[in-house]
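Subject: Structure to look at

Hello,

Here is the structure I said I would pass on. Please open it first, then read my notes below.

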Amino acid sequence: GATLDAVKKKGFVQCGVSIGLPGFSNADEKGNWSGLDVDVCRAVAAALFADANMVKYTPLTAKERFTALQSGEIDMLSRNTTWTLTRDSSLGLNFAGVNYYDGQGFMVTKKLGVKSALELDGASFCIQAGTTTELNLADYFRSNNMKYTPVTFDTSDETVKAFDAGRCDALTSDQSQLYALRIKLGNPDGATVLPEVISKEPLGPVTAQGDDEWYKIVRWSLFAMVNAEEMGITSGNVDAKMSSDDPNVRRLLGQEGIKGSGLGLADGWAANIIKQVGNYGESFERNVGQGSSLKIARGQNALWNKGGLQYAPPIR
Amino acid sequence: MSVHTPHPDLPPPANIVGVIGWSRSNLFSTPLNTALSLFALYLIYLIVPPMINWIFLDATWVGDTREACASGTGACWVFVKVRINQFMYGFFPEAEYWRINLAFGLLVVLAIPLFIKRFKHKGRLAAFILIFYPIITFQLFSGGNFGLTHVETSKWGGLSLTLILAGVGIVASLPLGIVLALGRRSKMPIVKSVCVVFIEFWRGVPLITVLFMSSVMLPLFLPEGTNFDKLLRAMIGIALFQSAYMAEVIRGGLAAIPKGQYEAAEALGLSFWKSMGLIILPQALKLVIPGIVNTFIALFKDTTLVLIIGLFDLLAIIQQAFADPDWLGYSIEGYVFAASIFWIFCFSMSRYSMSLEKKLNTGHAR
Amino acid sequence: MSNTDNASSPSHASDDVTIQLRGVHKWYGQFHVLKDINLEVKRGERIVICGPSGSGKSTMIRCINRLEEHQQGQIIVDGTELTDDVKHIDQVRKEVGMVFQHFNLFPHLTVLENCCLAPIWVRKMPRKEAEGVAMRYLEKVKIPEQAKKYPGQLSGGQQQRVAIARSLCMNPNIMLFDEPTSALDPEMIKEVLDTMIELAESGMTMLCVTHEMGFAKTVANRVIFMDGGEIIEENEPHEFFNNPQSDRTQLFLSQILQH
Amino acid sequence: MSNTDNASSPSHASDDVTIQLRGVHKWYGQFHVLKDINLEVKRGERIVICGPSGSGKSTMIRCINRLEEHQQGQIIVDGTELTDDVKHIDQVRKEVGMVFQHFNLFPHLTVLENCCLAPIWVRKMPRKEAEGVAMRYLEKVKIPEQAKKYPGQLSGGQQQRVAIARSLCMNPNIMLFDEPTSALDPEMIKEVLDTMIELAESGMTMLCVTHEMGFAKTVANRVIFMDGGEIIEENEPHEFFNNPQSDRTQLFLSQILQH
Amino acid sequence: MADEQRAVSLPAKPALWRRPAVRSIFFQILLVVGIGYFGYTIFQNTLNNLEQRGISTGFGFLDQEAGFGILMTLVPFDETYTYGRTFLVGLLNTLLVAGLGIFFATLIGFMMGVARLSSNWIISRLATVYIEVFRNIPLLLQILFWYFAVLRPLPGPRQSLILNDTFYLSNRGLYMPSPVYEQGFWLVMLALGVAIVASIFIARWAHKRQEATGQQFHTVLTVIGLVIGLPLLAFLVMGMPLSWDFPVLQRFNMAGGMVIIPELAALLVALSIYTGAFIAEAVRSGILAVSHGQTEAAHALGLRPGSTLRLVIIPQALRVIIPQLTSQYLNLTKNSSLATAIGYPDLVAVFAGTTLNQTGQAVEVIAMTMAVYLAISLSISMFMNWYNKRIQLVER
Ligand SMILES: Nc1ncnc2c1ncn2[C@@H]1O[C@H](COP(=O)(O)OP(=O)(O)OP(=O)(O)O)[C@@H](O)[C@H]1O
Ligand SMILES: Nc1ncnc2c1ncn2[C@@H]1O[C@H](COP(=O)(O)OP(=O)(O)OP(=O)(O)O)[C@@H](O)[C@H]1O
Ligand SMILES: [Mg+2]
Ligand SMILES: [Mg+2]
C-alpha cells in the first residue's frame, strides 16, 4: 500500500504521540521519547527496519491527532486513543489492537471529602478537549440525572494546572492518566482518585484506512510483543530462545513456519522487536508499572491466562 | 538719536524653574492634576516596590536545585538558570551549540556595517544577508554537509527557533509581498482582483487556523505521498500569512513614490520591470523599512502561536519546563523571563524603527 | 459698527484705557523673552508692532489673551486682570479676538460653521441668530458666497478674511493680529489689508504685528518697535518712520524699507 | 552635435519631417482634451508651445512619446507610427528625450548614475562608455563637478540641468520640454534657459512648452498657441508676438506680457 | 510629401503579441487558468485522499448529536444538541468576546492616548510605560499570565468573597443574580421601548430648540430619567413582575444566577489591555496630527479645553485614527481565537477543536471557521470604511 511504500522510502516511521503523558509518551530534556505508546512505534520500526530507533515523533494534542492521521501527516498514531465505533467507521481510521485497557475515572482533592462520583452532582470538571472523556462524562451525568460544568482545555498539562489552581472540583480522564497527571500536581497527596470507572477505554495504536499491509504490520508488531510475553521470551533471553524446541517460539522468532513473508517483512522481524523493545510485559513494567514512578498494577492488562484481557492471536 | 542699551537678561523667578517650578507646572498645575498626580504616585507605591522586591531583592540567584529556593520569598531564578541552555537552544545537541552561536554571531557581524554611515555597499550587503545568509544559517542548523552532523528540525527549539521562524517569515514574505503589492496596483483587473482576494483572505483569518492547516491538514491537499518537514510547513504558513501584511506595507511605499518617477523612467525607455527594479522599488523599499521592522515585531510576537501546533519556541519550551516534576510551581518566573526576553527584543526594534522613521521624515537628502 | 455702542462692552466703558501692561516679564525656561513691558492702549487705538524676528512681538500679544502666561507684572484687559483664574481668562477671551499668521481655520467645518462655532458654544446664541451674525460679517469681508464651502477650497486671502470674520462674530472689543499677511501671496495681501483698513475705520481697537509699513502709515495711531524682548521705541507713524529715536530702530527701518 | 550625423538616426534621414500629428484626438473619459491636432515638425526645428492652463499643451507633447495614448488620428515620430505596438513605442522613446517641470531625477542615484542608467539598461552600453558619455553631457550643461552628488544636494536649476543631460545621454533626435523652468526660482531660470539656448543652437529638434516669452523670441522657429485642446494659432515668433491673428491669442499675450 | 511619409511609415497592423492590450489579456487568461488548475488539483487531491482514507465528506455531520457539554453558552445548549448548534455557540462566544474586547480596548486606548499627551508628567509617563510594556509582549503570554494570575489568588467557591449576598467572587467566576421575568413584565419592556422612542424625540427637539433659541436642554438627565423612570413606574404598577434568581452556594459550586467565568475575564483583560496599547498610540498620533494652531485658535475664540477637544481636535484626529483603529479591531477579533489556550469556548476551541475532533470533518470544519472569521473581518472593515467615508465627507 501507499503508506507502507512511503515509509519504506523514507526509512523511518512517523509516529504521532501525546505531547507529554508520563509513562505513555514523554520526552526527556534531550528530546528522547519513551513510554508504553512510544514502544509500539519502536516495535513497528524494529519489525520493518530491524532498528527500533527509525522513528520520528510528532507530538499532538488530542484535538489534532485524527486530522494528522487522516491527512497523512503521520503514518501511525500511538497516543492513548480509545477505540470506538465512530472513530473506526466514519473517521477513516483502523484500530490495530489494544495496548492498554483503561476506563475513565475521577480525581478530586481530598479536602472535598467526596467518596464516590455519584456525590459529584453540580461539580465542575477539568477535561481535555477532543477526547471520549468529554462524551463519557456527558453520558454519565445524563444517565444519573446529575448536573455538571465542563471546563475544557487543549492539553493535559493545562488541565492539570487549572485543576491545581482550583478552577474545577474534579479532574476526569482515563484512570491511567489520572495517576500520571497526579504527579504533576503541586501537592500530589492532596488528591485522590475515586473508585468509579465510568467507561471502557480500550487504547491502542491507529492507522489510516486504505493501506491494509501497513495496518497489518502495526497490528502484528503489537501482537508479537504480547505473544512474546506469553511465551516467556524477553529481550534478555531472546538469543537463547532462538534455539528453543517449542515450535510456537520458533515460529515467532522466524525460525520456521510462515516467517516474515506473510507481512512482507524480514524473517527475524519479531525477534528484532523483542530484542530492541522487549515483550509487552517488559514494556509495561518499565514504563508504567513497578519500574516506573507510576506504579500501576497490571490489572486488566495482565495476560488472558493471568486473569487479564491481553490476548494475542497465535502466530502460525 | 539715542543709542539703545539692551535691558539685561534677568534670571527667571525661583518658582518657575528648578524642581519647584518643574513640579508646579508638570504635576500640580491644577487641582485635578494634583489629585491625579497623588493617585498615580500611590499606584506606583503599590506596584513598584513589591515588584522590585520579588524580582531582585528577595530573589534567589544561586544554586542548582529546587532546595536553593526553598527559603527565598522572591523569585526563584535558579529555575531559569538551570534551564537556560534549553530555553536558548531547544533540544539541539549540546556539542553543536557552537553552530547556533556562529549563525547568530555571523548575523551580528554582517549587520554592523549597515549601521555605519560611511559604509558604501549597504544595498549589496543587505541583499547578501537576505539571500545567502539564510542558506548559510540553514546549513549550520541542519548540518548534514561539510562534516556537520545532521540535526533534525524537531530538535530545534527555544529562542533560536523563535528567531528563525520570525526571520524566515519576514525574508520569505518580502518577495511575495512585493509581487502582491505590484499586483494590487496593477491596471489589469483580474491580476488586481486576484491579489486583493489573496491579501484580504490572509488578513482576515486567524494565524492559528493557518498554522493548524499547515501543520496537520496540508498533506490532505497534496498528491498522495508528498510530505515535507513540519517546521518548513509552519514557515510556509507564516510566510503566506505575513506576505499579505507585507504587501500592504510595500503598497504604502509604492504609493509614496511620485508619479513623475514612473514617467521619467518610462520616458527614458525603461521597460516596466526595469523601471520597477532600478527606480521604483529601491526607493519604495527604503521608505518602508520602518514598516517592515514593525511587521517583523508583530511576527516575532506571533511566533509564540506555534506552541499550539507543537513546535517548541521560546514560550513553548518554557511552558514545557513547568511540567518538570523537579521544578513544579515556578511558572511565574518562567513567564516573567519569557516576557522580558520578548520585551527586550521588541522594544529595541520598535525604538530602532522609530528613529529610522524620524530620519526618513526629516533629512531625506540622503 | 463702532464698539462704543456695543452691547457687551463692560460697565466702565467710560474708562479710556482698555489694555494695560505693567512691568510684564516672561521667561521660556531660562530664556527671558519679555523684559519689563509697559504699554497702555486706549479704546479705539490702532497700534502696529514691528521688530526683528524673535524680538517677542508674538509673545507679547499672545500674553494679552492668555495664550501664553506671563510670570511677573500685570496685564489688565478691559478692567479684568489676567491671573490663573479661569473665569478671568474666559472673560478676557470673549472680549479679545485674534487672527493668526496661518489662519487656523477649522478644516472639518464649513466657512459658516467656522464662524458660528464660538457664538453658539461660548455665547450660547441660537444657531439661526449665529448664522445671521456670521453672514453679516462674511459680507463685511466680502465673501458671503463662500459660506457653504470648506476652508480647503478657498485661496489664502479668502481664508484669512474668513478668519477675521470668525473673530468678529464674537463681537470683540479688541482685535489682535499676528502677522496676518505674511503667509500670503502678494495679490492676496491687498485684499486682506483692505479688510483690515475697513475694520480700523470702524473704530475697532487693534493691535497688529505686521511688517506692512504701508498699512502702518495708513491706519496706525502708534507704532511700537520691539527688540530683544523690550519695547524700544513707541511713536506716531509719521515720527516713527521719518525720525526714529533709537539707533536700533533706524537700522531696522533701513533694512525693511530697502527691501 | 547636429543630429544628421547621428549614428542612431533612422535610414530615411533625408526626410525632412520628423514629427507629424494628423487629426489627433484624445479624451480623458468624457472630457475631450485634444481636438483635431495637426502639426508637422521638421528636423532641427525649435517650436515653443504656449497657452492658458489646461489647454492641453502637456497632453499633446506627452502623446508624442506615448506617455499618454491618443485615441484617434496618427502620430508619426521619426518615421515610426505610434500604435499599440511595443516595439514602436520603444523605438520612439529611444529617439525622443523629455524634460519635466519637476525634474523627476531619481533621488536614490547620484547625478552620474542618473545619467548612465538608460544608456546602460536600454542601449546596453558598457558602464565605462556610458560614464564617458554622461560626463560629456554634464560638462555641456556645466556641472561636471556635481557628478558624484545626489540630486537632493543640488539647487533646482542644477537639478533641471542634470535632467537635460540625462535625456541627452540617450542621444535623442528630438527633445520635449514641459515647462522646464516653471518650478524654479527666478535666479535659476536663467541658467536653465541658457542651457536650452545652447542646445537649440546645436541644431536639436525641440518642442518646448513654456511661458518664457523671451526664450520663445530668441530661439523658436515657430510659436504655437493652444486653447481648449486646439491649436489656435501657429506662427513665427516675430509675427506671433507683434501681430497675433486670433483675439484669443491677443488676450493671452496681453495677460502674460503685462505680468 | 505627406503621402510619401505615409507610405514609408505606415506599418501593417502590429503583430498581436506586441500589443500591450493583447499581452495583458493573454497574461490574465494565463493567470486564471493557472489558478483554476491549481485550485482544481488541490480539490481533486483532497477528494482523492479523503476517499482513499474512507473519510466521509459533506456537511451532514452538522445534524448529528454532539454529545458533549460546553462551559459557557449564550443560547440553550446541552449534550443533546447538534454539532450545528456547537457552531452557533462557539460563534456567539467569539462575537461576545470580540465585541466586549473592542469596546474596552477602545475605552482604554482613548484614555491612555489622551493621558500620554497629558501635561501631568507622572500621568503621561505612566501611560507611556503602559503602552511600551504591553505592546511589546506576545499576547498569548499575556493571556496565560492573566488567566493564572486571576485564578491563583481567588478563593474557592466556598470561601467566595461575598458582596451583599448577591455577588459572589471566587475562582469559578463572578456570580450574580439573574433576572426571572414573570407575568406582566411585558409592560415594563413596553415602557422601556416607549421611553427610548421618547428620548430620541426629546433629543431631536432639544437639538432643534438649541439651534433656534440657543437654550441648552439637559437632554442627558431627561433621557436618563425617562429611561429609568418609565419602566420603573410600569414595574410598580404591575406589582413588580420580576424576581431575581440568586446564586446559591451548593455543595461544590454556586448554582443559579449569572456568571462571568474567569476564562472570559482573563481573555477580555488581556485582549483589551494589549489592543488598548496599540489604540492609544493611534489616538496619540491622531491628536498630534492636528496642528497646535487649531487648539490655539479655539482657545482664542474662548472655547474651553473640553469643548476644544470635542468640537475641534477629535473630529480632525479621527481621520488619522480610524484606519488604524480598523486594523486593530480586526487584529483583536482574530486574536480572540487564542481563547483556545485557556479553555474559553470560542469558535476555534469548540467548533474547530472538539467538534472537529469528534467528527473528523477537518476540511469542512476549518473551511467554515475561516469563512466565519473572514466574514467578521470584512464586516468590520466595511463598517469602519463606511464610517470613515462619512466623517471624511464632513471634512471636504
Ligand atoms: N514655546 C517656546 N519655548 C521657548 N522659546 C520660545 C517659545 N516660543 C517662542 N520662543 C522664543 O521666544 C523668542 C520670541 O519669540 P516670538 O515668537 O515672540 O518672536 P517674534 O517677534 O514674533 O518673531 P517672528 O517675527 O519670527 O514671529 C524667540 O527667540 C523664540 O525662539
Ligand atoms: N489624467 C487625467 N485625467 C483626466 N483629465 C486630465 C488628466 N490629465 C489632464 N487632464 C485634463 O486635461 C486638460 C489638459 O491638461 P494639460 O495638463 O495638458 O494642460 P496644460 O495645457 O499642460 O496646462 P498647464 O499649463 O496647467 O500645465 C486639463 O483640463 C486637465 O484637467
Ligand atoms: Mg511671531
Ligand atoms: Mg502642463
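A:T207 sits in strand β14 of chain A, which covers residues 206-208. The model is a predicted one. Is A:T207 buried or exposed? A:T207 is buried, because its relative accessibility is 0% and the cut-off for buried is under 20%. Leaving aside residues up to four places away in sequence, A:T207 touches A:L69, A:D75, A:M76, A:L93, A:N94, A:W214, A:Y215 and A:V218.

Next, the contact between chain E and chain B. Chain E contributes 47 residues to it and chain B contributes 55 residues. The size of an interface is often given as the accessible area lost when the parts come together. For chain E and chain B the buried area is about 4500 Å², with 71% of that from carbon and sulfur atoms. There are 10 residue pairs in polar contact between the two chains. One salt bridge is found across this interface: B:R351 pairs with E:E132, and their closest N and O atoms are 2.8 Å apart. Several helices of chain E supply at least two residues each to the side that touches chain B, among them α2 (20-52), α4 (121-135) and α12 (362-395). The most comes from α2(E), with 12 residues.

Two notes on individual chains. For chain C, an unreviewed UniProt entry lists residues 19-253 as "domain: ABC transporter". That stretch of chain C is 39% helix and 26% strand, and its end C-alpha atoms lie 27 Å apart.

Regards

Note on methods:
Residues numbered from 1 in each chain as written. Chains lettered and ligands numbered in written order. Predicted model: local features only at pLDDT ≥ 70, side-chain atom pairs only at ≥ 80, totals over all residues. Heavy atoms only, no water. Helix = DSSP H or I, 4+ residues; strand = E, 2+ residues; numbered from the N terminus. Buried < 20%, exposed > 50% of the residue type's maximum accessible area, 1.4 Å probe, protein only. Contact = heavy atoms within 4.5 Å. UniProt positions renumbered as here; feature names shortened; annotations may be inferred. Buried area = accessible area lost by both parts, 1.4 Å probe. Salt bridge = Lys/Arg side-chain N within 4 Å of Asp/Glu carboxyl O. Polar contact = N/O pair within 3.5 Å; in protein donor to acceptor, adjacent residues only side chain to side chain.
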